Amino acid sequence: MRQSEYEFTMELLSAMAAETIARNQKIAKIKAFDRFMRSETAALLFDEESGLWQNGPDYIADEYQAEQRAKATSRRHLK
């Protein structure tokens, strides 16, 4: 895949995953997109070698939500 096609695919998947996240968390789409783009899941999505981009937006949104749950659990254990 050419670089421009790959980047377009990542951007589209990010937007679609953020829409799913917004719906699930009942927050604004732009807020969900901002949170997603700052996540480790987004970093993996934009890493072509990770292969995360081969999955659909709902799967990517689930991975993001699992990341957030793991971070919340970790924070609770640090207290």
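Reader: What share of the contacts with a separation of 6 or more comes from residues 24 or more positions apart?

Author: The idea is to ask how far apart in sequence two touching residues are. In this predicted model, residues 24 or more positions apart account for 56% of the contacts in the protein with a separation of 6 or more.

Reader: How many helices and strands does the secondary structure of the protein come to?

Author: One counts the elements and then reads their order. The protein has 4 helices and 0 strands, and from the N terminus on its elements run α-α-α-α. Along the principal axes, the C-alpha atoms fill a box of roughly 45 × 25 × 15 Å.

Reader: How much area does the protein expose, and what percentage of its residues count as buried?

Author: Burial is judged from relative accessible area: a residue under 20% is called buried, and one over 50% is called exposed. Of the 79 residues of this protein, 29% count as buried. The protein exposes about 5500 Å², and carbon and sulfur atoms supply 52% of that area.

Reader: Which residues have the most contacts inside the largest nonpolar core?

Author: A core of this kind is traced by following buried nonpolar residues that are joined through their side chains. The largest one here has 15 residues, and those with the most contacts inside it are Ile21, Ala32, Phe36, Leu45 and Ile60. Two or more residues each come from H1, helix H2 (29-37), helix H3 (40-45) and helix H4 (57-78). H1 gives the most to this core, with 7 residues.

Reader: Which residues does Ile60 touch, not counting residues up to four places away in sequence?

Author: With those residues set aside, Ile60 touches Leu13, Ala17, Phe36, Thr41, Leu45, Leu52 and Asn55. Phe36 and Leu45 are also listed among the residues with the most contacts inside the core.

Reader: Is Thr20 buried or exposed?

Author: One compares the relative accessibility with the cut-off. Thr20, which is placed in helix H1, has 8% relative accessibility and therefore counts as buried. Leaving aside neighbours within four places in sequence, Thr20 is in contact with Asp58 and Ala61.

Reader: How many salt bridges does the structure hold?

Author: Side chains of opposite charge can pair when their charged atoms come close. The structure holds 3 salt bridges. In one of them, the side chains of Glu19 and Lys29 meet at 4.0 Å, N to O. Glu19 lies in helix H1 and Lys29 in helix H2, so this pair ties together parts that are 10 residues apart in sequence. Glu19 is partly exposed, with a relative accessible area of 37%, whereas Lys29 is exposed at 53%.

Reader: With which residue does Arg38 form a salt bridge?

Author: The partner of Arg38 is Asp34, and their closest N and O atoms are 3.1 Å apart. Arg38 counts as exposed, at 68% relative accessibility, while Asp34 counts as partly exposed, at 37%.

Reader: What separates Lys71 and Glu67 along helix H4?

Author: These two residues are 4 residues apart in helix H4, which means that about one helical turn separates them. Lys71 is partly exposed, with a relative accessible area of 31%, but Glu67 is buried, at 10%. Glu67 is also one of the residues that Ser39 touches.

Notes. Residues are numbered from 1 along each chain as its sequence is written. This is a predicted model: local features need pLDDT of at least 70, side-chain atom pairs count only at pLDDT 80 or more; totals for chains, interfaces and linings use all residues. Side-chain values use heavy atoms; hydrogens and water are left out. A nonpolar core is a set of buried Ala, Val, Leu, Ile, Met, Phe, Trp, Tyr and Cys residues joined through side-chain atoms within 4.5 Å. Buried means under 20% relative accessible area, exposed over 50%, partly exposed in between (1.4 Å probe, protein chains only). Contact means heavy atoms within 4.5 Å. Accessible areas come from the Shrake-Rupley method with a 1.4 Å probe; for residues, only the protein chains shown count as cover.
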